[in-house]
Amino acid sequence: SVEHLLSSVGGCIFVKGASLITEDVSFTSCAALVGGAIGALNASIIEVTRTTFSNNIARQGGAAAILQSDTFTVTNSEFFNNTVASNRIGLTAEYGPVPISGNFTAAGGAIYVTDTKLEFISSKCIGNNAKAITNTTAYSIGDGSQFGAGGCIFASSSSHLSLNLSHSEFRANSAQSYG
């Protein structure tokens, strides 16, 4: 079990240009600007099996942010009560603030993927949230990106993206703007 860590990318684990395999692991209350528990960039394979992500927080990917990687495979895993939030002041977790400068899209309450194949198999995504905290209103940044998108999963692509969702449960996830 990995708990209460804070960093700018991957609150518990950051992978760059490598692979990561987790099995029977629990990530709880981790925080980062990108990828509350796991952040990956240009990774070959990220696999999580029988892994639980709960109460993690970030601006993108409350539990995990996998960017420009080959494959992110989630099997028999659970994502509960993870949050992405964005505001002009910063996120506040139970154990302290996560500083934020400027406007930033809050996306992917549990998972944020770009240009990555996502396989979500026999897994659960329950009670995750994507929200903007701006006193009382949601707003968008100059390029038209919305705050609070993708209560469970936010996926985008500039070159390649593939989603395979099978035998899974999605329930009680929420987003302020989209999904």
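Mentor: Buried means under 20% relative accessible area, exposed means over 50%, and partly exposed lies in between, with a 1.4 Å probe and protein chains only. Leu-165 has 44% relative accessibility, so Leu-165 counts as partly exposed. Leu-165 sits in strand β22, residues 162-166; a strand is a DSSP run of E with at least two residues, numbered from the N terminus. This is a predicted model, where local features need pLDDT of at least 70, side-chain atom pairs count only at pLDDT 80 or more, and totals for chains, interfaces and linings use all residues. Residues are numbered from 1 along each chain as its sequence is written, and side-chain values use heavy atoms, leaving out hydrogens and water.

Trainee: How many aromatic pairs are there?

Mentor: Rings of Phe, Tyr and Trp (its six-membered ring) pair if their centres lie within 6.5 Å; planes under 30 degrees apart count as stacked, over 60 as edge-to-face and the rest as tilted. The count here is 5 aromatic pairs. Phe-53 and Phe-79 are stacked, because their ring centres are 4.6 Å apart and their planes are at 5°. This pair links Phe-53 in strand β9 (residues 52-54) with Phe-79 in strand β13 (residues 78-80), 26 residues apart.

Trainee: Is Phe-53 buried or exposed?

Mentor: Phe-53 is buried, at 0% relative accessible area. Phe-79 is also buried, at 0%. Another stacked pair is Tyr-112 and Phe-154, with ring centres 5.2 Å apart and planes at 10°.

Trainee: Which residues do ring pairs link into a cluster?

Mentor: The cluster holds Phe-27, Phe-53, Phe-79, Phe-120 and Phe-170.

Methods. Helix = DSSP H or I, 4+ residues; strand = E, 2+ residues; numbered from the N terminus.
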